[in-house]
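Open the model in your viewer and keep the sequence panel beside it. We will go from stop to stop, selecting as we go.

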Amino acid sequence: MKKLLTHIGFIMALSVLLGFGTNVRLIKQFLGGEFQYGFISLEEDPSINFIMLPEAEELFSMNETLFIDSRLAEAFKAGHIFGAVNIPFEDKMDTILLEELSIPKEKSIVVYCNGSLCQSSAGLAKFLQDQGFINIRVFFGGWKEWQMEGLPVEKNDDK
Amino acid sequence: MINNRYLHYLFRLVLGGVFIWAGIIKITNPLGFAQDISNYQILPQSISFFLALFLPWIEVICGVFIITGLFLRSSSLFFCGLLGGFLILIIVTLIRGIDVECGCFGSLSRHVDYKLLLTDCALLFFSLNIFFYRKS
């Protein structure tokens, strides 16, 4: 029993040492508060910025920003930010929908999903960045916060 | 428990291979794995992050030990713990009705469903067999 526990301790210590030792840079980024909105490296993905409700509202009122909803089509149809388009985020994204929408690469884009706990908006933002879009923001509060504030919404849209 | 020598070696090879493969995929993308853990909506962000750093190493190290026969019982006990914990997580996720990728094999992961539950049970059976195996 003692031998078993010693071996377990050894494996544990070795794993922690290797895990932390090979990820010092990530740990520093984490302690610097970089991953508080999701596990996206802002250093590696400089085109993505996280924004809060006031900034999202301001961009919406300026009417020059495209809002993209990354939730599933059913959720989008049930209700979404006014004027938003739907690009449901999947693990293996294809570019067909993006080509259909023909969005200019320099267009100001705000991506959102259900709320602060969902991750699809950050995932979609990363995909858009990989496709060459350079002005992407992720609205952290998402649909829940927007709706709760009574801001413009629409529903049953097949966009 | 099955106390057959050849099956014992087969279980070790399969279990070790699966965990080494799964571990290496996660080691190459720690942020992706942290995101996968976070998607289960059970652990806080910080714990998801730190777990994602060392958990894949446990998988690889124990996988190598299981195949080589070094620290065999403690490695299989680790796998029992990991697979048992994951089994509970799958059940809780299915009950909560959360549609989430399992995060087992990075981008090759599949959704949490009953098939995953069966796979986990099979691997847990292998681990228990290795742990309780006695040379006759």
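Start by selecting Leu66(A). Leaving out residues up to four places away in sequence, Leu66(A) touches Val85(A), Ile103(A), Lys107(A) and Ile109(A). Here, two residues are in contact if their C-beta atoms, placed from the backbone, lie within 7 Å.

A word on the model. This is a predicted model, where local features need pLDDT of at least 70, side-chain atom pairs count only at pLDDT 80 or more, and totals for chains, interfaces and linings use all residues. Residues are numbered from 1 along each chain as its sequence is written, while chains are lettered from A and ligands numbered from 1 in the order in which they are written.

Stay on Leu66(A). Leu66(A) sits in strand S2 (residues 65-69) of chain A. Helices (H or I, at least four residues) and strands (E, at least two) are DSSP runs, numbered from the N terminus. The C-alpha atoms of Leu66(A) and Val85(A) are 7.8 Å apart, with the two residues 19 apart along the chain.

The cut-offs: buried means 20 or more other C-beta atoms within 10 Å of the residue's own, exposed means 12 or fewer, and partly exposed is in between.

Chain A has seven helices and seven strands. From the N terminus, their order is α-α-β-α-β-α-β-β-α-β-α-β-α-β. Chain A has 159 residues, and 31% of them count as buried. Take its contacts between residues at least 6 apart in sequence: 70% join residues at least 24 apart.

Now select Ser102(A). Ser102(A) is in the loop between helix H5 (96-101) and strand S5 (108-112) of chain A. Its phi is near 35 degrees, a positive value in a residue other than glycine. Most residues other than glycine have a negative phi. Ser102(A) counts as exposed, because it has 6 C-beta neighbours inside 10 Å.

Jump to chain B and select Phe71(B). Phe71(B) is in the loop between helix H3 (45-68) and helix H4 (72-96) of chain B. Phe71(B) also has a positive phi, about 45 degrees. Phe71(B) is buried, because 22 other C-beta atoms lie within 10 Å.

Last stop: show both chains. How many residues of chain B are in contact with chain A? There are 23, and they meet 21 residues of chain A. On this side of chain B, helix H2 (30-39), H3 and H4 each give two or more residues. H3(B) gives the most, with eight residues.
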